[in-house]
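The following exercises are meant for a reader who meets this structure for the first time. Each task is followed by a solution in steps.

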Amino acid sequence: MKFSNMFIPTTKETPNDATLPSHQFLIRGGFINQQGAGLYNYMPLGKIVLEKIRAVVKEELDCAGCNEVQLGFVTPLSLWEASGRASKMGAEMLKIKDRKHNDFVLSPTNEEAMVELVKNRVTSYKDLPLNLYQINTKFRDEARPRFGLMRGREFLMKDGYSFHENEEDMVREFHHMEATYSKIFTRLGLEFRVVAADSGAIGGSGSKEFMVLANSGEDTIVVCKECSYGANIEAATRAKKEVKKWYENTNTPIQEEKVETIGLKTIEEVSNFLSVSQAQTIKAVIKTAIYEDKTQLVVFFVRGDDELEETKACNSVNALELIDATEEDIQAAGLCAGYVGPFNLPKGTLFIIDKEIQNEDGLVCGANEENYHLTGTSLSTLKEVKYFDLIAVQEGDKCPCCGGELYHTKGIEAGHIFQLGTKYSEPLGANFLDSNGKAQPFVMGTYGIGVSRLIAAVIEQSHDEKGCIWSKETAPFMVDVIVSNAKNEDELAIGEKVYADLKAVGIDAILDDRKAARFGFKMGDFELIGFPYAIVIGKKLSDGLVEIVNRKTLEKQDVALERVVPELIKLIN
């Protein structure tokens with residue numbers, strides 16, 4: 001391919017709304033252009049990268065024994081209603097009507113459609129296991145699409161679904177897909193971590209995310225310094241916090257007492273006033289839970305020096321989402337902000353307590369009366385209480401596996417695998433006959449990769465101030481043959497010969513033969529676009545030399561013209 005034949009509209013201008021390096025460089029480098037909020041077109045270079053990533057994903061999945069299919073992008077809403085997810089997906093799922101007023105959905109994912117495909121076609125345990133996948137367009141109507149391909153509304157996704165006769169075989173395939181995904185991300189040249197995760201709207205029991213490590217990542221990952229433990233903060237756990245109790249090493253009996261705390265509403269104010277550590281207090285976080293057909297005030301109680309993790313809290317009450325409760329809602333519920341505690345709550349108040357403080361004693365909490373707190377309380381005296389893991393794991397907490405120190409890092413979710421069980425097969429009536437001739441619902445797993453998001457993830461992990469730095473598997477071309485002065489027929493002829501020689505040995509190359517572009521402009525495009533290597537043909541030709549430039553290091557080396565192809569083969573391999 002030659003620059004003179006390709007549509008590569010590079011620009012120096014950075015879009016005003018582009019804050020991430022991948023967003024800036026992919027637009028400036030002529031890979032993509034925006035045609036609406038969260039909607040992007042792929043120009044030739046972007047399409048090449050997309051197809052290269054897609055090819056790696058497909059090769060590894062096919063080697064792992066998976067079967068590729070392609071489902072319709074538009075699916076009947078009735079399938080989603082049958083599974084119970086029509087409302088759970090919320091406003092992200094774009095619903096449409098055809099001319100006959102039938103309801104359809106632009107697929108945000110395809111569990112229901114894939115179950116429908118297999119239903120009544122796979123009828124015996126002898127036909128299992130089965131793993132089907134597609135690499136297809138998805139649409140999620142994000143409230144705030146941003147960051148370019150990182151969080152668009154329309155995107156390319158690999159979604160796979162496995163069908164099994166029992167839980168044991170599903171777990172086996174889950175681990176097989178974990179290993180397969182690890183091969184994919186390794187081949188793409190990415191530094192990543194597999195972490196425990198929340199299953200979200202997809203549902204099921206266990207799930208793991210594949211996080212591409214990058215400072216710009218939206219997700220916070222909790223990682224151990226000593227072992228391989230890692231988890232999205234939405235699902236992270238810790239070893240129980242050791243808290244020195246105020247009454248230890250004293251003969252003071254623990255006794256509940258009501259204490260006047262006029263105007264003291266924060267944990268810091270109360271702990272300072274009572275001379276106790278914040279870890280010996282109980283914090284009340286009041287939220288409004290949003291459900292399909294109602295809202296409800298909920299009080300979450302955590303240790304005073306902990307923070308509520310909202311995804312965990314949302315899961316604890318099976319809500320669609322949580323929002324901050326208004327002052328009016330709090331008052332209408334008979335609660336007194338700043339003085340709320342788990343004892344003597346107004347009748348009918350829904351409350352959840354973090355499981356780490358279950359049966360704890362000697363704690364300070366609100367007395368549910370203005371200007372008063374309780375000291376010396378014991379949670380073991382509470383009856384019919386729901387305990388749940390509610391806290392956000394903090395840096396410095398101890399690892400639940402080895403006791404090592406935990407720390408936070410940032411990541412981009414590039415893949416997610418789930419153990420679904422019978423969550424979709426049961427409500428959709430997808431059954432097979434087991435070895436005893438009895439009808440059983442399929443046990444399922446599901447496995448996703450954000451194929452178009454990986455384009456952005458590669459650049460977020462590998463770029464500099466000049467532009468993109470592609471890995472060898474993802475680069476649109478491996479070598480940029482730059483003819484310094486394409487108006488010079490001798491230079492151009494040598495450039496074309498080097499280009500042809502590279503192609504002859506299977507090296508993907510592009511020839512920059514633009515006659516109107518100056519050398520500095522061509523080098524700027526090389527650095528911006530991010531081809532792994534450049535061969536510069538120019539002023540050193542009189543000495544029989546050309547220059548090889550390594551994009552990652554920007555190091556330059558002079559090479560004899562006749563040795564340039566063998567030298568590049570050594571560098572690439």
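**Exercise 1. Identify the salt bridge formed by Glu218, and state which parts of the chain the pair ties together.**

Solution. The model is a predicted one.

Step 1. The partner of Glu218 is Arg151: their side chains meet in a salt bridge with an N to O distance of 2.9 Å.

Step 2. Glu218 belongs to the loop between strand S10 (207-213) and strand S11 (219-224), while Arg151 belongs to the loop between S7 and S8; the pair therefore ties together parts that are 67 residues apart in sequence.

Step 3. The relative accessible area of Glu218 is 29%. Residues under 20% count as buried and those over 50% as exposed, so Glu218 is partly exposed.

Step 4. Across the whole structure, a search finds 40 salt bridges.

**Exercise 2. Determine the salt-bridge partners of Asp306 and Glu307, and classify the residues of each pair as buried or partly exposed.**

Solution. 

Step 1. Asp306 forms a salt bridge with Lys241, and their closest N and O atoms are 3.1 Å apart. This pair links distant parts of the chain, 65 residues apart: Asp306 is in the loop between strand S15 (295-303) and helix H7 (310-316), and Lys241 is in the loop between strand S12 (230-232) and S13.

Step 2. Asp306 has 0% relative accessibility and counts as buried. Lys241, at 19%, also counts as buried, since the cut-off is under 20%.

Step 3. Glu307 forms a salt bridge with Lys283, with 3.2 Å between the closest N and O atoms. Glu307 lies in the loop between S15 and H7 and Lys283 in strand S14 (residues 282-290), so this pair ties together parts that are 24 residues apart in sequence.

Step 4. With 47% relative accessibility, Glu307 counts as partly exposed, whereas Lys283, at 15%, is buried.

Step 5. Salt bridges that share partners join Arg238, Lys241, Asp305, Asp306, Glu356 and Asp397 into one network.

**Exercise 3. Locate Gly404 and list the residues that it touches.**

Solution. 

Step 1. Gly404 is found in the loop between strand S20 (386-388) and strand S21 (406-421).

Step 2. Its relative accessibility is 7%, so Gly404 counts as buried.

Step 3. Leaving aside residues up to four places away in sequence, Gly404 touches Cys224, Glu226, Asp397, Lys398 and Cys399. Among these, Asp397 is also a member of the salt-bridge network of Exercise 2.

Step 4. The C-alpha atoms of Gly404 and Asn41 are separated by 46 Å, and the two residues are 363 residues apart along the chain.

**Exercise 4. Describe how strand S8 is covered and which strands pair with it.**

Solution. 

Step 1. Strand S8 spans residues 154-164 and is mostly covered, with 10 of its 11 residues buried.

Step 2. Strand S7 (residues 130-139) runs antiparallel to S8 and is joined to it by 10 bridges. Within this pairing, Leu130 has Phe163 of S8 as its bridge partner.

Step 3. Strand S24 (residues 443-450) also pairs with S8 in the antiparallel sense, over 8 bridges. Here Met157 stands opposite Gly450 in S24.

**Exercise 5. Compare the span of helix H5 with the expected value, and examine both of its ends.**

Solution. 

Step 1. Helix H5 (residues 167-187) has 21 residues and reaches 30 Å from its first C-alpha to its last, close to the 30 Å expected at 1.5 Å a residue.

Step 2. At the start of H5, a side-chain oxygen of Asn166 comes to within 3.4 Å of the backbone nitrogen of Glu168.

Step 3. Just after H5, Gly189 adopts a positive phi of about 80°.

Step 4. The buried residues of H5 include Met170, Phe174, Met177, Tyr181 and Ile184.

Notes:
Residues numbered from 1 in each chain as written. Predicted model: local features only at pLDDT ≥ 70, side-chain atom pairs only at ≥ 80, totals over all residues. Heavy atoms only, no water. Buried < 20%, exposed > 50% of the residue type's maximum accessible area, 1.4 Å probe, protein only. Helix = DSSP H or I, 4+ residues; strand = E, 2+ residues; numbered from the N terminus. Pairing = 2+ DSSP bridges. Salt bridge = Lys/Arg side-chain N within 4 Å of Asp/Glu carboxyl O. Contact = heavy atoms within 4.5 Å. Expected span 1.5 Å × (residues − 1). Polar contact = N/O pair within 3.5 Å; in protein donor to acceptor, adjacent residues only side chain to side chain.
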